[in-house]
Structure formats: C-alpha cells, structure tokens
Amino acid sequence: TLQEGTEKLWNIATQQCIQTFKSHRAYITAATLSRDCSQLLTASWDRSVKLWPVQAFRKTRKPAMTLLGHSNGVVSAEFSADMTKIVTAASDGAAKIWDAHTGDCLRTIKGQGAVVNHATFSPT
C-alpha cells in the first residue's frame, strides 16, 4: 500500500488479501503487471524498482531483481511491449531505460523540470 511500503497479494474473485509483506523502505508509488501477467513491477519513493515473478511472489517474498540508479523517488515503472525493457520515471528529473533481463541501465534521459511524472513505451 502507498503509505506503508507493503505489497499485498489479492484474490480478485474473493476480494480478499491473501498475503502481505514489506520489501520497500518507503511509499510504493506504482505497481504494474506485464502484458502476460507473469511479472510485476513495484516502484517506490525509496528510489528502487523491484521486479517480481508473479508465480513466485507468494512463495519467495523476494524480488527477482531490484533496479537502483535514481537519486530520488521513483514514481512510475512500465514494461516495453516485448517485455525486454523497463522504463522508469523519477522525481530526480530523469527517466531511465533498463534491460529487463539483466537489470542494466541502458539509457538515462533527463527531463526539463524537477520531476518526470511518468514514462512509457510506444505500443508498437
């Protein structure tokens, strides 16, 4: 949840919380599922983005990868259509493109102002 920095796994059919745990040290600002619903991204004010394999989410409680590189809170994170890249936007005024398999930062794009509120890939 936003205020607690915790992740909650919900059963949509029953509308019940199945599991709660904390992996971010600050507010969670975004949660995004991949197109095929196999991976989840969580972004946080703690300057990190975590990549979660959905099937392992309940079992391991550990992300497959943590993306670090922003100097201030991350406000959005999204997958490319082919799920090979991740784009993040942060209050440090930058957007970053990451390799979704290795976690390497491929490119940093500085915005015009103090905050980049959102970044996304073209759907093609």
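How many helices and strands are there in the protein chain? In this predicted model, the chain holds 1 helix and 10 strands, and from the N terminus on these elements follow the order β-β-β-β-β-α-β-β-β-β-β.

The overall dimensions were examined next. The C-alpha trace of the protein chain extends over about 45 × 30 × 25 Å along its principal axes, and its radius of gyration is 14 Å, which agrees with the value near 14 Å that a compact globule of 124 residues would have. Of the 124 residues in the protein chain, 44% are buried, while the accessible surface amounts to about 7200 Å², with 52% of that area belonging to carbon and sulfur atoms. When contacts between residues at least 6 apart in sequence are considered, 37% of them join residues that are at least 24 apart.

Part of the strand content is organised as an open sheet of 4 strands, in which the order is E7-E8-E9-E10 and the pairing is antiparallel. The edges of this sheet are formed by strand E7, covering residues 74-79, and strand E10, covering residues 105-110, each of which pairs on one side only. On average, and with direction ignored, neighbouring strands of the sheet are turned by 15° against each other. In general, the strands of a sheet pair through backbone hydrogen bonds, in either a parallel or an antiparallel manner. For E7 and strand E8, which spans residues 85-90, the antiparallel pairing runs over 5 bridges, and Glu78 has Val87 in E8 as its bridge partner.

Backbone torsions single out two residues for comment. Most residues other than glycine have a negative phi. Met83, by contrast, is a residue other than glycine with a positive phi near 60°, and its place is the loop between E7 and E8. Met83 counts as buried because its relative accessibility is 15%, below the 20% limit that applies to buried residues. A positive phi, of about 60°, is also found at Cys37, although this residue is not a glycine. Cys37 belongs to the loop between strand E3 (28-33) and strand E4 (39-44), and with a relative accessible area of 45% it is classed as partly exposed.

A disulfide is a covalent bond that joins the sulfur atoms of two cysteines. With a limit of 2.5 Å between cysteine sulfur atoms, the count comes to 0 disulfides. Cys37 is accordingly in no disulfide, and the nearest cysteine sulfur to it, that of Cys17, is 19 Å away.

Cys17 itself lies in strand E2, which comprises residues 16-22, and this residue is partly exposed, its relative accessible area being 34%. If residues up to four places away in sequence are not counted, Cys17 touches Lys8, Leu9 and Trp10. Cys17 and Ala100, which are 83 residues apart in sequence, have a C-alpha to C-alpha separation of 28 Å in space. Cys105 is likewise partly exposed, with a relative accessible area of 37%.

Note on methods:
Residues numbered from 1 in each chain as written. Predicted model: local features only at pLDDT ≥ 70, side-chain atom pairs only at ≥ 80, totals over all residues. Heavy atoms only, no water. Pairing = 2+ DSSP bridges. Helix = DSSP H or I, 4+ residues; strand = E, 2+ residues; numbered from the N terminus. Axes fitted to C-alpha atoms, helices over the stretch in contact; angles between N-to-C directions. Buried < 20%, exposed > 50% of the residue type's maximum accessible area, 1.4 Å probe, protein only. Rg over C-alpha atoms; globule rule 2.2 N^0.38 Å. Contact = heavy atoms within 4.5 Å. Areas by Shrake-Rupley, 256 points an atom, 1.4 Å probe, with all protein chains shown as cover.
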